Amino acid sequence: IDRQITFESVGGLGPHIQKLKEMVVFPMLYPDYFKRLNMAPPRGCLFYGPPGTGKTHMARALANECSHGEKRVAFFMRKGADCLSKWVGESERQLRALFDQAHQFRPSIIFFDEIDGLAPVRSSRQDQIHSSIVSTLLALMDGMDDRGEVIVIGATNRIDAIDPALRRPGRFDRELEFPLPSKVAREH
């Protein structure tokens, strides 16, 4: 990760930065406070909006902001299509290995860019392989026991193309829309 990318390098998305600090940065840097207050931080966040609005840049900045001093956060970035394999069961094995590695190096962030390529809407016309991958991803997100220490973030240009089960509570708890920037946001 380029350590130069911070929240200061993200322009026009001030409300998004504030929400991510509350949802991700504080639970990762201060997990004891959340446990003491009996608060459960979100497990995941979904970024959506048109291409070029800063979704991937924001995820990289978030990973850098979570790593302060001796406290380091592991950042795992995967493109949705990169997780797919032509061998049966290999994609599911790679997903399980990714979540196991994130659990081992926690606190960590798993970022799926273009998640609509990995977890498209399941339908009767769709092949069984994509359905199995979506089911595996759902099971892995449901099985995370260290809330706040492993955060899953997905980014997509087409929110209607991802499986609706991913948007249910306990998976991608929060959704942040990245709209086209206004004139003021462009200047910033």
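Trainee: Two strands count as paired if DSSP finds at least two bridges between them. On that rule, which residue of S5 is the bridge partner of Leu 46?
Mentor: Glu 175 in S5 is the partner of Leu 46. Strand S1, residues 44-48, and S5 pair in the parallel sense over four bridges. Helices here are DSSP runs of H or I with at least four residues, strands are runs of E with at least two, and both are numbered from the N terminus.

Trainee: What kind of model is this?
Mentor: It is a predicted model, in which local features need pLDDT of at least 70, side-chain atom pairs count only at pLDDT 80 or more, and totals for chains, interfaces and linings use all residues. Residues are numbered from 1 along each chain as its sequence is written, and side-chain values use heavy atoms, with hydrogens and water left out.

Trainee: What is the average pLDDT of the protein?
Mentor: The protein averages 82, and 88% of the residues score at least 70. pLDDT is the predictor's confidence in each residue, on a scale from 0 to 100.

Trainee: Where is confidence lowest, and where highest?
Mentor: Confidence is lowest in H5, with a mean of 76, and highest in S1, at 91. Where pLDDT is low, the predicted coordinates should not be read in detail.

Trainee: Back to the fold. How many helices and strands does the protein have?
Mentor: There are six helices and five strands. Their order from the N terminus is α-α-β-α-β-α-β-α-β-β-α.

Trainee: And what is the strand order in the sheet?
Mentor: The five strands form an open sheet in the order S2-S3-S4-S1-S5, with parallel pairing. Strand S2 (74-79) and strand S5 (174-177) are at the edges with a single partner strand each, so one side of each has no neighbour in the sheet. Neighbouring strands are turned by 15 degrees against each other on average, direction ignored.

Trainee: Which strands does H1 touch?
Mentor: Helix H1 (residues 14-29) packs on the sheet and touches S1, strand S3 (108-113), strand S4 (150-156) and S5. Its direction makes about 145 degrees with that of S5. Contact means heavy atoms within 4.5 Å, while axes are lines fitted to C-alpha atoms, for helices over the stretch in contact, with angles from 0 to 180 degrees between N-to-C directions.

Trainee: What about H3?
Mentor: Helix H3 (residues 55-66) also packs on the sheet, touching S1, S2, S3 and S4. The direction of H3 makes about 170 degrees with that of S3.

Trainee: New topic. How many salt bridges does the count come to?
Mentor: The count is four, a salt bridge being a side-chain nitrogen of Lys or Arg within 4 Å of a carboxyl oxygen of Asp or Glu. One of them joins the side chains of Lys 79 and Asp 113, at 3.4 Å from N to O. Lys 79 is in strand S2 and Asp 113 in strand S3, so the pair ties together parts 34 residues apart in sequence. Lys 79 and Asp 113 are also linked with Glu 114 in a network of salt bridges.

Trainee: Is Asp 113 buried or exposed?
Mentor: Asp 113 is buried, with a relative accessible area of 7%. Buried means under 20% relative accessible area, exposed over 50%, and partly exposed in between (1.4 Å probe, protein chains only). Lys 79 is partly exposed at 33%.

Trainee: What does Arg 171 form a salt bridge with?
Mentor: Its partner is Asp 142, with the closest N and O atoms 2.7 Å apart. Arg 171 lies in the loop between S4 and S5 and Asp 142 in helix H5 (residues 128-142), so parts 29 residues apart in sequence are tied together. Arg 171 is buried at 12%, whereas Asp 142 is partly exposed at 39%.

Trainee: And which residue does Glu 175 bridge to by its side chain?
Mentor: Glu 175 forms a salt bridge with Arg 167, the closest N and O atoms being 2.7 Å apart. Glu 175 is partly exposed at 30%, and Arg 167 is partly exposed at 36%.

Trainee: How many aromatic pairs turn up?
Mentor: A search of the whole structure finds two. Rings of Phe, Tyr and Trp (its six-membered ring) pair if their centres lie within 6.5 Å; planes under 30 degrees apart count as stacked, over 60 as edge-to-face and the rest as tilted. The rings of Phe 47 and Phe 178 have centres 5.0 Å apart and planes at 50 degrees, so that pair is tilted. Phe 47 is in strand S1 and Phe 178 in the loop between S5 and helix H6 (183-187), 131 residues apart. Both Phe 47 and Phe 178 are buried.

Trainee: How far apart are the ring centres of Phe 75 and Phe 111?
Mentor: Their centres are 6.4 Å apart and their planes at 20 degrees, so the pair is stacked. Phe 75 is in strand S2 and Phe 111 in strand S3, 36 residues apart. Both Phe 75 and Phe 111 are buried.
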